Amino acid sequence: MSITIKDEAGIAGMREACRLASEVLDEIAPHIQPGITTLDIDRLSAEAMARQGTRSATVGYQPPGYPPYPGHVCTSVNQVVCHGIPNDKPLKKGDIVNVDVTVITQDGWYGDNSRMFEIGDVSIAAHRLCALTFDAMWLGIDQVKPGARLGDVGHAIQKFAEGHGLSVVREFCGHGIGQKFHEDPQVLHYGKPGTGEELVPGMTFTIEPMINVGRREIKELNDGWTIVTKDRSLSAQWEHTVLVTPTGYEVLTWSAGNRAPPAFVKGMAIAA
């Protein structure tokens with residue numbers, strides 16, 4: 001495993017990229033209402049990036065074995081776990097949607113984050129899932145400090161989610177990020193405490209649990225990208241990019257429109 005440790009210049013580059021990625025979500029959030037299509041969300045996001053001087057990391061992205069991804073963002077609705085492709089179907093009251101934004105700055109740094117949006121009044125189960133997934137992400141983030149291990153992050157998320165009768169998707173995980181979209185290490189959202197890579201200052205990675213109401217099994221649709229729950233149950237995801245600091249962590253994907261962290265989070269550092 002080859003983990004890139006960011007120096008001061010790299011940390012500054014990541015702070016800017018991640019703030020800008022978060023500000024894209026701030027800008028589009030007021031528009032995510034009943035009747036909007038995910039294709040509209042994609043267009044609004046692309047326009048926000050253009051105004052910033054950033055560009056999308058996802059449009060045209062093509063890992064080995066995949067077709068080129070067509071969207072500027074990922075929009076995952078209801079039972080879609082991740083990588084939902086924007087389309088022209090209007091969102092309706094009761095839907096939940098994850099919007100995943102990754103930007104690249106002119107200096108080549110990547111910022112990655114996602115948020116859940118509840119469309120109008122949603123079911124109690126859907127609201128509970130979104131809220132508990134948010135808490136699960138933060139429980140994982142709150143484990144980050146020098147000397148901790150990635151297994152501590154995954155265990156905190158898994159224990160909390162499963163303790164509330166939910167399941168954790170295992171096939172997809174968080175990842176290191178910097179001047180590449182996906183770097184080492186892989187950040188699993190399940191695991192055993194005291195295992196995995198040791199955290200050291202200068203590491204930057206995403207924590208982005210995908211949590212299901214039903215079983216954890218998933219399947220891929222014929223488009224080669226969209227991942228759905230096998231039992232068609234609802235799925236939710238939240239994502240932040242974090243930096244390991246000498247004393248703990250800093251949430252890099254922070255901006256004015258972020259939802260405040262849960263009450264159990266104490267002494268959070270955010271990007272300046």
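## A walk through the model

Start by selecting Pro 185, which sits in strand β8 (helices, H or I with at least four residues, and strands, E with at least two, are DSSP runs numbered from the N terminus). The peptide bond that joins Asp 184 to Pro 185 is cis, with omega at about 5 degrees. Most peptide bonds are trans, and most residues other than glycine have a negative phi. Go next to Asn 78, where phi is near 60 degrees, a positive value in a residue other than glycine. You will find Asn 78 in the loop between β2 and β3 (80-82).

Before going on, note that this is a predicted model, in which local features need pLDDT of at least 70 and side-chain atom pairs count only at pLDDT 80 or more, while totals for chains, interfaces and linings use all residues. Residues are numbered from 1 along each chain as its sequence is written, and side-chain values use heavy atoms, with hydrogens and water left out.

A pocket here is an open set of points on a 1 Å grid over the protein atoms alone, with protein on both sides within 12 Å along at least five of seven lines; a cavity is a set where a 1.4 Å probe fits but cannot get out, and lining residues have an atom within 4 Å of a point. The largest pocket has a volume of about 530 Å³ (the space filled by probe spheres set on the points, which are joined across faces, edges and corners).

Colour β2 (74-77), β4 (96-104), β7 (174-176) and β8 (183-187) to see the elements that give two or more residues to this lining. β4 gives the most, with 3 residues. The lining of the largest pocket divides into 11 nonpolar, 10 polar and 5 charged residues (Ala, Val, Leu, Ile, Met, Phe, Trp, Tyr, Cys and Pro count as nonpolar, Asp, Glu, Lys and Arg as charged, and the others, Gly among them, as polar).

The second largest pocket comes to about 340 Å³. Select Val 77, Gln 79, Val 80, Asn 87 and Lys 89, the closest to its centre of the 19 residues that line it. The lining of the second largest pocket has 7 nonpolar, 7 polar and 5 charged residues.

For the largest cavity, of about 40 Å³, select Ser 114, Arg 115, Phe 134, Met 137, Trp 238, Glu 239, His 240, Asn 258 and Arg 259, which line it. β5 (110-118) and α3 are the elements that give two or more residues to this lining. By class, the lining of the largest cavity has 3 nonpolar, 3 polar and 3 charged residues.

**A helix pair**

Finally, show helix α3 (residues 124-141) with helix α4 (residues 150-163): their axes come within 8 Å and cross at roughly 155 degrees. Axes are lines fitted to C-alpha atoms, for helices over the stretch in contact, with angles from 0 to 180 degrees between N-to-C directions.

Show the side chains of Leu 132, Asp 135, Ala 136, Leu 139 and Gly 140 in α3, which meet Val 153, Ala 156, Ile 157 and Phe 160 in α4 (contact means heavy atoms within 4.5 Å). The contact of α3 with α4 has 7 nonpolar, 1 polar and 1 charged residues.
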